[in-house]
Each structure stands twice: as C-alpha cells, then as structure tokens.
Amino acid sequence: MLLDLTPDAVLATTRAVRKRLDLTRPVERAVLEECLRLAQQAPTASYAQNWHFVVITDPKRRAGLGELWRGAARSYLERRAAAAAADERIARLVDAVRYLADHIHEVPVHVVPCVEGRTDRAPVVAQASRWGSIIPAAWSFMLAARARGLGTVWTTFHLRREREAAELLGIPFESVMQAALIPVAYTVGTDFKPAARHPLDTMAHWDRW
Ligand SMILES: Cc1cc2nc3c(=O)[nH]c(=O)nc-3n(C[C@H](O)[C@H](O)[C@H](O)COP(=O)(O)O)c2cc1C
C-alpha cells in the first residue's frame, strides 16, 4: 500500500534508515517486485539493461552477508571513534552504524544491485557509464520502497569482501560488479524529515564553476 506522500515528499524524506527498521515484520515479495519494476524504469547506458538485483531473504545467506558487512563496519567504527568523540553528528551516525552492525542479519531483506561488466581500473568514462547504469535504478528502488512504508540504507561496507559475497550469492564475480547492499524492512513509524544539507549556493554552479 502506498503512503500518502507527494513525489516531493518521497524525494525529500528517503533517509538512511538503520535504527527504525522493523526487524520483526516480514516484507511481502509482491511489494518488492513492485519496487523492482519501478527500478527497471531507470535509464541504462545504450539501453543495455545490464542490471541485476539479487534479493536475499534466506536467513543463512543474510547471516553470511551480515558477517562480511560487520567486519568492514567494525574497522569503520574504529577509524571514526576520534571524530565521533569530537562531533555530535558523527557520533549519531557511528551509533546508528553500530546498531545496524549488530542487527544486519536480522533485517528481513538484503538487496544487492549488480551490473554486468567490470570496470576495475577502467577510464572514468567507462566507470561513469557502468555505475550510471545501476545506481539510478537502485535509487529508484529505494524511493519506491519509501513510498510503500519500507526503509532502506545505501551501504558499501560488504564490497571490501565483494568476491566472498559473490561466492555466497552465486554472482559471477569476473563479469558482474556489485554496487551496494541495501537492507530493506518496514519502518517503525513512517514520519521522516528532510535532512540538513549545505546551502544550495555552495554546490550549485551556474554557467561555470
Ligand atoms: C556511496 C554511499 C556509500 C555508503 N556506505 C554506507 C555503508 O557502508 N554503511 C552505512 O551504514 N551507511 C552507508 N551509507 C549511508 C550514508 O552514511 C548516509 O547516506 C548518511 O548517513 C546520510 O544519511 P541521510 O541521507 O539520511 O542524511 C552510504 C551512502 C552512500 C551514498
């Protein structure tokens, strides 16, 4: 069922959700398929449609991915400890990451967006075309999820061990890249606020940089 949100509200309130993921409520396959069909409306370079989404609900595979994710999260948390002590915003982020590290295997659905064709060490034009063929679709998936009361968070921690994740999921590592691991669950409450961002004139450049 769709929440009563305008398109602008969906765009402004699709937050990184970690602590407000409902770990107890199952997510229906039909709802995930709706989100995936909307994701398929995103563009790909040359209409290649070289994208894939691996949707993981199997508890053993989620536990395995969770192990990989947690390992990278731990080293991130160690690296950010000093910054967190000095900055309350970073402290909140670190706290939320620690929470998700403790519970990642309990999140009912993990989604791994993938794209055919590796661009390791390729020129920027090749990288941009390849990543640009999966990231818009993955973000559309996240927006569609938000519109249906689901929370998501874009994460890349597990990519430190991408090859192991590929083995776990049967992804052909030599020819397919993983873009992210997106935990998906219904949110606890549906009210989310726009995030604080830098003033527009610090990042918008008109006619020249
Ligand atoms: C490219 C990218 C990689 C990210 N990787 C992780 C990650 O590995 N783990 C995590 O918990 N969050 C990750 N995030 C989420 C960011 O930390 C999140 O966008 C940030 O907390 C801001 O949240 P907000 O947009 O809701 O304000 C990532 C986000 C992006 C865009």
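The model is predicted, and the values below were computed from its coordinates. The protein chain contains seven helices and five strands, and its 209 residues give a radius of gyration of 18 Å, which agrees with the value near 17 Å that a compact globule would have. The largest nonpolar core has 31 residues, and a second, separate core has 25 residues.

**Overall fold and dimensions**

- Along the principal axes, the C-alpha atoms of the protein chain occupy a box of roughly 50 × 40 × 40 Å.
- Among the contacts in the protein chain with a separation of 6 or more, 81% are between residues 24 or more positions apart.

**Surface and charge**

**The nonpolar cores**

- In soluble globular proteins, nonpolar side chains tend to be buried together.
- Within the largest nonpolar core, which has 31 residues, those with the most contacts inside the core are Trp 69, Val 97, Leu 100 and Phe 157.
- At least two residues of this core are supplied by each of α3 (59-86), α4 (88-103), β2 (109-116) and α7 (162-169), and the largest share, eight residues, comes from α3.
- Leaving aside residues up to four places away in sequence, Phe 157 touches Trp 69, Ala 72, Ala 73, Tyr 76 and Val 97.
- The second core, which is separate and has 25 residues, includes Val 31, Val 115, Ala 144 and Ala 179.

**Ala 72, a residue of helix α3**

- Ala 72 lies in helix α3 and, because its relative accessibility is 6% and thus under the 20% cut-off, it counts as buried.
- Not counting residues up to four places away in sequence, Ala 72 touches Phe 157 and Arg 160.
- Ala 72 and Thr 156 are 84 residues apart in sequence, yet their C-alpha atoms are 9.2 Å apart in space.

**Arg 18, a charged residue in a loop**

- Arg 18 is found in the loop between α1 (7-13) and α2, and it counts as buried because its relative accessibility is 16%.
- Once residues up to four places away in sequence are set aside, Arg 18 touches Leu 93, Ala 96, Val 97, Tyr 99, Leu 100 and Val 153; of these, Val 97 and Leu 100 are also among the residues with the most contacts inside the largest nonpolar core.
- Arg 18 and Pro 183 are 165 residues apart in sequence, whereas the distance between them in space is 8.5 Å, C-alpha to C-alpha.

**The loop between α2 and β1**

- Tyr 47 lies in the loop between α2 and β1, where it has a positive phi of about 55° although it is not a glycine, and with a relative accessible area of 67% it is exposed.
- Ala 48 is placed in the loop between α2 (29-39) and β1 (51-56) and is partly exposed, with a relative accessible area of 42%.
- The C-alpha atoms of Ala 48 and Glu 116 are 9.6 Å apart in space, although these residues are 68 residues apart in sequence.
- Gln 49, which also has its place in the loop between α2 and β1, has a positive phi of about 50° although it is not a glycine, and it is partly exposed, with a relative accessible area of 35%.

**Val 125, a nonpolar residue at the surface**

- Val 125 lies in helix α5 (residues 124-131) and is exposed, because its relative accessible area is 61%.
- The C-alpha atoms of Val 125 and Ala 195, which are 70 residues apart along the chain, are separated by 31 Å.

Definitions and conventions: Residues are numbered from 1 along each chain as its sequence is written. This is a predicted model: local features need pLDDT of at least 70, side-chain atom pairs count only at pLDDT 80 or more; totals for chains, interfaces and linings use all residues. Side-chain values use heavy atoms; hydrogens and water are left out. A nonpolar core is a set of buried Ala, Val, Leu, Ile, Met, Phe, Trp, Tyr and Cys residues joined through side-chain atoms within 4.5 Å. Buried means under 20% relative accessible area, exposed over 50%, partly exposed in between (1.4 Å probe, protein chains only). Helices (H or I, at least four residues) and strands (E, at least two) are DSSP runs, numbered from the N terminus. Contact means heavy atoms within 4.5 Å. The radius of gyration is taken over C-alpha atoms; the globule rule is 2.2 Å times the number of residues to the power 0.38.
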